[in-house]
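Keep the viewer open as you read.

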Amino acid sequence: MTKRERVLAALEHRKTDRIPINDSFWEDTLARWHKEGMPADAIPREYFDFDIVSFSLDSSPGFLPKLL
C-alpha cells in the first residue's frame with residue numbers, strides 16, 4: 001500500500017498492511033539517537049518512513065494584554 005492508501009483505509013476502518021505511523025520526539029531523544037548512530041542530517045519523518053506528517057502553529061491573534 002502507498003502511504004495515502006494506508007491512511008485512508010485506516011480512517012475508513014478498512015484493512016491495511018500495517019498501522020499508519022506518525023510520532024513526535026523530544027529534542028533530548030533526537031540528540032541521544034544521534035549519539036547512538038542515527039545520521040546527523042537525518043530527518044526523523046523520512047528516516048522512520050512516517051505515513052502521516054503533521055505540523056503545529058500558533059494561531060493566536062497575538063494581541064498585547066491590556067488592563068481595562
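How many salt bridges does the structure hold? There are six salt bridges, where a salt bridge is a side-chain nitrogen of Lys or Arg within 4 Å of a carboxyl oxygen of Asp or Glu. Side chains of opposite charge can pair when their charged atoms come close. A word on what you're looking at: this is a predicted model, in which local features need pLDDT of at least 70 and side-chain atom pairs count only at pLDDT 80 or more, while totals for chains, interfaces and linings use all residues. Residues are numbered from 1 along each chain as its sequence is written, and side-chain values use heavy atoms, leaving out hydrogens and water.

Start with Lys3, which pairs with Asp49 in a salt bridge whose closest N and O atoms are 2.5 Å apart. This pair links distant parts of the chain, 46 residues apart: Lys3 sits in helix 1 (residues 3-11), and Asp49 in the segment after helix 3 (44-47). Helices here are DSSP runs of H or I with at least four residues, strands are runs of E with at least two, and both are numbered from the N terminus. Lys3 has 34% relative accessibility, so it counts as partly exposed, and Asp49, at 38%, counts as partly exposed too. For these labels, buried means under 20% relative accessible area, exposed means over 50%, and partly exposed is in between (1.4 Å probe, protein chains only).

Next, look at Arg6 and Asp17, a salt bridge with its closest N and O atoms 2.8 Å apart. Asp17 lies in the loop between helix 1 and helix 2 (27-35) and Arg6 lies in helix 1, so the pair ties together parts that are 11 residues apart in sequence. Through salt bridges that share partners, Arg6, Asp17, Arg18 and Asp51 join into one network.

You'll find Met1 in the segment before helix 1, partly exposed at 42% relative accessibility. Leaving aside residues up to four places away in sequence, Met1 touches Arg6, Ala9, Lys15, Thr16 and Asp17, a contact being heavy atoms within 4.5 Å.

Another salt bridge joins the side chains of Arg32 and Glu36, at 2.6 Å from N to O. Both of these residues are exposed.

Now zoom out. The chain has three helices and zero strands, running α-α-α from the N terminus. Its radius of gyration is 18 Å, well over the 11 Å that the globule rule gives for 68 residues, so the chain is more spread out than a compact globule. That radius is taken over C-alpha atoms, and the rule is 2.2 Å times the number of residues to the power 0.38. Along its principal axes, the C-alpha trace spans about 60 × 40 × 15 Å. Buried residues make up 15% of the 68 in the chain. Among contacts with a separation of 6 or more, 40% come from residues 24 or more positions apart.
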